[in-house]
Amino acid sequence: MKRVRPEARYDPAPMLPRLPAVPRLNAARARRAGGRRQAVPARLRQWLSAPGSLTARLRLHGQVSVQVISQGRQTLWPQEQKALRCTQGHVREVVLRIGGRPAVWARSSTPLNAVKGPWRAIKGLGTRPLAELLFEHSQVRRDPLITQALATQSPERRHLARQWAHLTPPADSLAPLWTRRSVFWHRGHPLQVLESFAPWITQLPAGPRRR
């Protein structure tokens, strides 16, 4: 698997949001993560259910940059295998930063044949945001958002925590817990995007600032 660790800034031009996708809560995971009941903070719930381009919303709060952690062929997580109906896929993991501060950990996954077809542009994105592919093509369709908390001892949570620990200063070392995911479709080929929000992002409103 090719590992890349560049970090770069890009033009903060606005992006138009698509029609909102109605969020769906994974009740079993939402009620319990690591053996304890979990309540979604109201501010975080706004981020988890926000429609349209997440990158565009982050740009309302400062300069956004994309850091690519890894990209290439991987064995998919069990949930991804079920959603994409394959065991191997092309996976891209990135961190979105606001003013240099890690704000969102994101993982996109798609079948290997899809990166030879309609999703082939993902391989050449580099430090450009995935939103450039998802929200600028009229043929792309999005399934409803699904929200869940990652179980403390799950392989997915441990994977995220290991990466987060290398990205953040001690003050921001608490790894994200809550995630949202949805599947995008282009010419019949799926691409799943999972996004996990840093706890500090609850300090920021998910919508435009009021004047």
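Strand β7 (residues 141–142) pairs with β9 in the antiparallel sense over two bridges; strands here are DSSP runs of E with at least two residues, helices are runs of H or I with at least four residues, and both are numbered from the N terminus. Two strands count as paired if DSSP finds at least two bridges between them. The model is a predicted one, in which local features need pLDDT of at least 70 and side-chain atom pairs count only at pLDDT 80 or more, while totals for chains, interfaces and linings use all residues. Residues are numbered from 1 along each chain as its sequence is written, and side-chain values use heavy atoms, with hydrogens and water left out.

Strand β10 (residues 189–197) runs antiparallel to β9 and is joined to it by eight bridges, with V183 partnered by Q192. Two residues lie between the strands of the β9 and β10 hairpin, where R187 takes a positive phi near 55 degrees.

How enclosed is β9 by the rest of the structure? Eight of its nine residues are buried, so β9 is largely enclosed; buried means under 20% relative accessible area, exposed over 50% and partly exposed in between, with a 1.4 Å probe and protein chains only.

Turning to A50, this residue sits in the loop between α2 (42–49) and α3 (54–59). A50 is buried as well, with a relative accessible area of 4%.
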